[in-house]
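Please keep the sequence and the coordinates at hand.

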Amino acid sequence: MGIDQLERALFHSEHGQVGGGSRAERARAVCQVERPRRADVNSPQSRAGIKAYTDLIKPDNCPPQQCADLTGGKTVELFASGKAAMAILGNFNRTAVEAGAANGKYAVLPLPGTKPGSIAPAFAGGNNLGIMKNTQRRTLAAEFLTLLASKKYQQRMYDAMGNLPTLTSARTELAGREPFLKPFLDTIAAGTRFVPLHPGWGKIDAQAVIPTMLEKIVTGQATIEQATDEAATAINAALAP
């Protein structure tokens with residue numbers, strides 16, 4: 001379906017490596033802000049994925065008038081009520097789906113990748129663990145962060161909040177306990193992408209840069225080239241030093 005191309009590299013980033021040092025130093029290193037160089041949403045690869053995605057929003061499938069501004073919440077509502085035959089949802093939508101007419105009448109599978117038998121990667125959400133710059137108890141804070149990131153507490157976080165673990169061993173145990181999660185865990189293993197740890201990303205998200213780009217394409221307000229160039233300009237401005 002090309003979704004993996006759509007979600008691949010909206011920008012290029014420089015990533016630091018974490019080596020030795022104290023717990024506080026390692027914790028500080030992993031929490032450093034990424035420094036994106038440029039937006040990549042208008043690259044040939046990104047445009048190919050965007051075209052594959054926007055081609056799904058057509059009159060014979062999902063009419064632009066109804067689907068161009070379809071939010072995540074509306075998608076869940078339509079699928080849960082039985083008005084949509086298929087939806088791209090997360091494991092966290094399970095409760096809402098099972099509270100509707102679709103309960104017991106649906107199955108879950110991962111989005112296919114561009115190669116036969118492959119699984120498309122996806123963006124992952126969740127909680128960022130960090131230490132405040134001016135904390136007075138940095139070592140203690142680092143030990144607490146290490147505790148929260150441990151296998152035991154990742155499992156507890158899932159039980160309490162539904163956040164899927166990042167540690168492979170914890171995900172394996174969870175898959176054995178809850179078969180429903182296997183498609184989602186397989187997607188994580190396929191190469192999950194995270195949004196950048198950069199203060200400018202909040203502006204990109206708040207301005208709905210990517211949804212606006214997609215809406216302009218499917219409604220014919222702009223070509224893929226025009227919309228992606230416009231989005232790249234907005235992203236670069238938000239991520240500028």
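Helix H13 has Thr-233 and Ala-237 exposed on one side, while Ile-224, Ala-227, Thr-228, Ala-231, Ala-232, Ile-235, Ala-238 and Leu-239 are buried. Buried means under 20% relative accessible area, exposed over 50% and partly exposed in between, with a 1.4 Å probe and protein chains only; the arc is taken from the directions from the helix axis to the C-beta atoms. Helices (H or I, at least four residues) and strands (E, at least two) are DSSP runs numbered from the N terminus. An α-helix has 3.6 residues a turn, so residues three or four places apart point the same way.

This is a predicted model, in which local features need pLDDT of at least 70 and side-chain atom pairs count only at pLDDT 80 or more, while totals for chains, interfaces and linings use all residues. Residues are numbered from 1 along each chain as its sequence is written, and side-chain values use heavy atoms, with hydrogens and water left out.

The predictor's confidence in each residue, pLDDT, runs from 0 to 100. Its mean over the protein chain is 80, and 84% of the residues reach 70 or more. Confidence is highest in H13, at a mean of 94, and lowest in strand S1 (residues 11-14), at 34.

Helix H3 (residues 44-54) has Ser-46, Gly-49, Ile-50 and Thr-54 as its buried residues. Seen down the axis of H3, they fall within an arc of 130°, so they line one face of the helix.

The whole structure contains two aromatic pairs. Rings of Phe, Tyr and Trp (its six-membered ring) pair if their centres lie within 6.5 Å; planes under 30 degrees apart count as stacked, over 60 as edge-to-face and the rest as tilted. Phe-79 and Tyr-106 have ring centres 6.1 Å apart and planes at 80°, so this pair is edge-to-face. Phe-79 belongs to helix H5 (residues 72-80), and Tyr-106 to the loop between helix H6 (94-98) and strand S3 (123-124), 27 residues apart. Phe-79 is buried at 12% relative accessibility, whereas Tyr-106 is partly exposed at 22%.

Phe-180 and Phe-184 form a tilted pair, 5.6 Å centre to centre with 45° between the planes. Phe-180 is buried, with a relative accessible area of 18%, and Phe-184 is buried at 15%. Arg-94 lies over the face of Phe-180, 3.9 Å from the ring centre.

Conventions. A charge sits over a ring if NZ of Lys or CZ of Arg is within 6 Å of the ring centre and within 35 degrees of the ring normal.
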